[in-house]
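Please keep the sequence and the coordinates at hand while reading.

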Amino acid sequence: MERHIFLVGMPGSGKSALGRRVASKLQLPYLDTDVYLTETTGMDTAQLYQYFGEQAFRDAETRLLQNLVGATPGIISTGGGVCLRPENRVLMKNHGVIVLIDRPIDDIMLDIRAEKRPLLAQKGREEIERIYNERMPVYRSAADIVMNNGNGFHNGLAALEEVVRRFY
């Protein structure tokens, strides 16, 4: 594998669950940016937002991405907002393939655990739809590949594995 596979999409779209499983199956390096930031700071994303604010959190994501692009290529599950910064999109485009994991809002709503998702904490469907509608055009414009994750977990795994196999 010569380039990273960057998974982008809404919180709850399946980036982490699918990315981790496919990387394990194919014996590829895997990193989840939210998990990494939590492990290195000792705070979960909600705490990072609360104590430092969104700007500092987004800056930390960008620094992490800058460090990751030079690492051994693998599958990287990005936080839902990573793709929103133009400089992050450029980094991902220049160093990998961007795969949008698209999932219907109804499916996202079933799986979201809002307490672990700072932008969605204590927000209902209306706010999630607003965020979805705001972000989806950015995700789509950045994506090299759009993968539908609305047909069940096992179908999502098979689809992502097929995408990853195309690039190594």
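In what order do the elements of the protein chain run from the N terminus on? In this predicted model, the order is β-α-β-α-α-β-α-β-α-α-β-α, and the radius of gyration is 15 Å, close to the 15 Å that the globule rule gives for 168 residues, so the chain is as compact as a globular protein of that length.

**Overall fold**
- The secondary structure of the protein chain comes to seven helices and five strands, and its C-alpha atoms fill a box of roughly 40 × 35 × 25 Å along the principal axes.
- Of the contacts between residues at least 6 apart in sequence, 76% join residues at least 24 apart.

**Surface and charge**
- The accessible surface is about 8,500 Å², with 49% of it belonging to carbon and sulfur atoms, while buried residues make up 47% of the 168 residues.
- The chain carries 21 positive and 21 negative charges, whose mean positions are 3 Å apart.

**Nonpolar cores**
- The largest nonpolar core has 30 residues, and those with the most contacts inside it are Phe 6, Met 10 and Met 92.
- Elements giving two or more residues to this core include strand 1 (4–8), helix 4 (86–95) and helix 6 (125–142), but helix 3 gives the most, with seven residues.
- Leaving aside residues up to four places away in sequence, Met 10 touches several residues, among them Ile 108, Ile 128, Tyr 132 and Tyr 139.

How values were computed
Residues numbered from 1 in each chain as written. Predicted model: local features only at pLDDT ≥ 70, side-chain atom pairs only at ≥ 80, totals over all residues. Heavy atoms only, no water. Helix = DSSP H or I, 4+ residues; strand = E, 2+ residues; numbered from the N terminus. Rg over C-alpha atoms; globule rule 2.2 N^0.38 Å. Buried < 20%, exposed > 50% of the residue type's maximum accessible area, 1.4 Å probe, protein only. Contact = heavy atoms within 4.5 Å. Areas by Shrake-Rupley, 256 points an atom, 1.4 Å probe, with all protein chains shown as cover. Lys, Arg positive; Asp, Glu negative; His and termini not counted. Charge placed at Lys NZ, Arg CZ, Asp CG, Glu CD. Core = buried A, V, L, I, M, F, W, Y, C linked by side-chain atoms within 4.5 Å.
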